[in-house]
Amino acid sequence: MTDIFSAIQRTAIRIKDAIDTKDIGYSQQENSSGETQLQLDIKCDMIIQEEFSGVASINTVASEEKEKEIVLNSSGKYFIAYDPLDGSSLVDVNLSVGSIFGIYEKSFEAKNMVASCYVVFGPRVEMVFAHNKTKLHLLQGENFEFVKEIRLGEKGKLNAPGGTQQNWEPYHKELVDSFFAEGYRLRYSGGMVPDLHQILLKGGGLFSYPSTSDRPKGKLRRLFEVFPFAFIFKTAGGDATDGERDLMELGCAHIHDTSPCFFGSKHEIQRVKEVYANNKQR
Ligand code: P6P
């Protein structure tokens, strides 16, 4: 696993340089989710594949920016799914963005996830790596230095409600509003990585990207985004659900499948499950 940590460290340094390059605009290509790719998306995807190609323990990679997975070394142990630069369009308005990595053994299935990681590119470059514990690292020069273990409180105070509000189910709006009525503070930038990073570092709360009328299966991708953060939150003492099931119990029929998702402290996730269960019966 240290070889993968080191490879991710190398990608972070190269991606930080790529982000600092002046605006390199949109390409003529679309990714598998039909989103027009920034040239920066393509560059970051190339950087990660290049660095991972040199790691003998990596068998296969799957990128959010590519239709299919790619076998790098058929005798390798690990399968890595990654989003090279999630929320890349936020670079144009100078907001934080991030790379997300899900590390699996044998196959791209949540039950086979053994570690996950993200790198957040903000005023500082930080990495959170979850294996047996969830650990925060800060980029100092060419190396990430360990800062601390991240543990979530039982209950938090931040609320990050994603998705287009006019397309929420009424009971989802009631759920979100109930937290605000209890004094939770709105913290939502539109970047999954910094929004979840803030909840992890500020002791907890709730991030939600539900099923909506325009996206009944949610927007966020299971392999590249949902499973990695579910693993991180659960390892840090929090929880993660699709409203009904534990996110880590979900399957994944296609590498670009999505899921409604909620990540947070245990108290908030319990409330989500209760509200969704009550409305399932209606
Ligand atoms: P919305 C960015 O495009 C992204 O994939 C995640 O980083 C983020 O959480 C979500 O989409 C934001 O989506 O619909 O709220 O703008």
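Start by colouring two selections: residues 2–149 as domain 1 and 158–280 as domain 2, with bounds that come from an automatic or database domain assignment. What you're looking at is a predicted model, so local features need pLDDT of at least 70 and side-chain atom pairs count only at pLDDT 80 or more, while totals for chains, interfaces and linings use all residues. Residues are numbered from 1 along each chain as its sequence is written, and side-chain values use heavy atoms, with hydrogens and water left out.

Now select the contact (heavy atoms within 4.5 Å), and you get 43 residues from domain 1 and 28 residues from domain 2.

About 2,500 Å² is buried between the domains, with carbon and sulfur atoms giving 66% of it; that's accessible area (1.4 Å probe) lost on putting the two parts together, summed over both. On the domain 1 side, pick Ile 100, Ala 110 and Tyr 118: they lose the most area to domain 2, together 22% of what that side buries.

Across the interface of domain 1 and domain 2, the rule finds one salt bridge.

Key. Salt bridge = Lys/Arg side-chain N within 4 Å of Asp/Glu carboxyl O.
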